[in-house]
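Trainee: I have a structure open and would like to go through it with you. May I ask about the helices, the sheets and the charged pairs in turn?

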Amino acid sequence: MNIFLFSQLHAANIDKFSEKIFISHQNENIFNQAEIYEKYISQLEKIIQNNPKTAFINNIIELEKNISIKHDEIISEILQKKAKIKTGNTLILKFSNTTNISQYIQNNSQKIKDSNSVFIFRESENLTSKNMKKITWEIKNISDDILIFIDQEWGQINRFISFENWFSLEKYTDYLYVFFRFNALSSQEKEGLKQLFWNSQYFPSMWNIWTFYKNISKENKQNFLEIITFIQLKNLQNHGINTHWFIADLDLWNPVISWLNRSFSENILDYFDLINAYIEASKVTWVVLYAKHFPGHGAGKIDSHSDILDYSQNSDYVEKNLLVFEYFLENTKLLWKWIMVGHMYLDKNISDKFHKIIDKSDFIITDDLAMEWFKKIKNIPENKIFSTQEILQKNNLIKVHTQENIWIK
């Protein structure tokens, strides 16, 4: 607690004093406010317990009560937003740049409302930024609480053009969140950040980001990543998209992860830095984060679109990658704790750890249940578990199944 404020407690009108504290933090995002008030409450409770005969103990008790009420209001607001999420099948919607967006969404408005979540696909070409905004605007006209999923991993995996009028770093440095972090960078690091966005229509890939990150000074690595993740999530928010999955697969040369520049690093500590940055960006944008492909998809020579990854003989990789997912789940605190599970075989001995970690997730999202090789899974050897089968009976599951309701008219 601010020492100057605390020194005024003995003579303060506590209601006015409380209001002064609340006003001093009103520009903080709601998650930070909750954490700040938790610290206040903890400090005040220690004083009450250790110094019950302090001259102005009644004022301290009253202040602790006021801050507790404020804290409870904030927690209630966060929980209300979480409570609006529905499990079940997410509704698949497919668009092209020539689709009559208004008519298409109007025709399916009741299905969209009932599902309360949609997964946006596109035809062969990426949607324009303008059309992407129109799609999400029309969906949110049905309900502002609808979750909007899109497989926009950036780099080589895009579904829409990221920047309608080309990328401009200046637009983002207008945000104080970016301004202070950007000005902490050296002139060389600032120039590197600008170079990162060489293709000014699309966001850079995770591998591109890592190649710059590794050369950033130790004291500025977090600033750099917090700028990058903010631009990424703010861009999604500006397009009306309220969820983002990030690849949490350690990079060990898998064809659909490494070869497409989708993984950030092979180093766990690098991933911890990235996750910390995503958490901060999520707090200020309210974009729901979820990590994929649990428990790890970055090793092996198999493309899971055409075959099933078998990690039952590579538990060392899985054990290592589980640390990344566990770190994400344990450090999100009041934020959403979501995991997307990939299709893969694992050694049965890892089953307990698999469930222990995934049970920390608020919601679990399946990989596409219409993948050809997933549908061919019949018998699982006794010494293995199959990741998707392990989650299908969970009651907090959101299912992605592109053939169940895709291309609805």
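Mentor: We shall take the helices, then the strands, then the salt bridges. Please keep in mind that this is a predicted model.

Trainee: Let me start with α9. Which of the residues of α9 are buried?

Mentor: In helix α9, which spans residues 176-184, the buried residues are Tyr177, Val178, Arg181 and Phe182. Seen down the axis of α9, these residues fall within an arc of 105°, so they line one face of the helix.

Trainee: And what is exposed on the other side of α9?

Mentor: Leu176 and Phe180 are exposed there.

Trainee: Why does Phe180 count as exposed?

Mentor: The relative accessibility of Phe180 is 54%, and the cut-off for exposed is over 50%, so Phe180 counts as exposed.

Trainee: Which residues form the nonpolar patch on the surface?

Mentor: Leu176, Phe179 and Phe180 form that patch, and together they have about 330 Å² of accessible area.

Trainee: What covers the buried residues of α9?

Mentor: The cover includes the helices α8 (169-173), α10 (187-196), α12 (221-238) and α13 (268-285).

Trainee: Let me go on to α10, then. Which residues are buried in α10?

Mentor: Glu189, Gly192, Leu193 and Leu196 are buried in α10. They cover an arc of only 100° around the axis, which puts them on the same side of α10. The face turned away from that buried side carries the exposed residues Ser187 and Gln188.

Trainee: What covers the buried residues of α10?

Mentor: The cover includes α8, α9, α11 (206-213) and α12. You will recall that α10 is in turn part of what covers the buried residues of α9.

Trainee: Changing topic to strands: in what sense do β2 and β3 pair?

Mentor: Strand β2 (residues 91-95) and strand β3 (residues 117-122) pair in the parallel sense over 5 bridges. Leu93 stands opposite Ile120 in β3.

Trainee: How many bridges join β3 to β4?

Mentor: There are 4 bridges between β3 and β4, and these strands run parallel. Ser117 has Leu147 in β4 as its bridge partner.

Trainee: What is the order of the strands in the open sheet of 3 strands?

Mentor: The order is β7-β9-β11, with mixed pairing. The edge strands are β7 (309-310) and β11 (384-386), each of which pairs on one side only. β7 pairs with strand β9 (residues 344-347) in the parallel sense over 2 bridges, and Leu309 stands opposite Met344 in β9.

Trainee: Now the charges. How many salt bridges does a search of the whole structure find?

Mentor: The search finds 18 salt bridges. One of them is formed by Lys133 and Glu164, whose closest N and O atoms are 3.2 Å apart. Lys133 lies in helix α7 (residues 129-142) and Glu164 in the loop between β4 (147-150) and α8, so the pair ties together parts that are 31 residues apart in sequence.

Trainee: How accessible are Lys133 and Glu164?

Mentor: Lys133 is partly exposed, with a relative accessible area of 31%. Glu164 also counts as partly exposed, at 38% relative accessibility.

Trainee: What about the pair of Lys283 and Glu280: how far apart are the closest N and O atoms?

Mentor: The closest N and O atoms of Lys283 and Glu280 are 3.2 Å apart. These two residues are 3 residues apart in helix α13, which separates them by about one helical turn. Lys283 is buried, with a relative accessible area of 6%, whereas Glu280 counts as partly exposed at 22% relative accessibility.

Trainee: Which residue forms a salt bridge with Lys360?

Mentor: Lys360 pairs with Glu330, and their closest N and O atoms are 2.6 Å apart. Lys360 is partly exposed, with a relative accessible area of 27%, and Glu330 is partly exposed with 46%.

Technical notes:
Residues numbered from 1 in each chain as written. Predicted model: local features only at pLDDT ≥ 70, side-chain atom pairs only at ≥ 80, totals over all residues. Heavy atoms only, no water. Buried < 20%, exposed > 50% of the residue type's maximum accessible area, 1.4 Å probe, protein only. Arc of directions from axis to C-beta. Contact = heavy atoms within 4.5 Å. Patch = residues over 30% accessible without salt bridge, like charges linked within 9 Å, V, L, I, M, F, W, Y side chains within 5 Å. Areas by Shrake-Rupley, 256 points an atom, 1.4 Å probe, with all protein chains shown as cover. Salt bridge = Lys/Arg side-chain N within 4 Å of Asp/Glu carboxyl O. Pairing = 2+ DSSP bridges.
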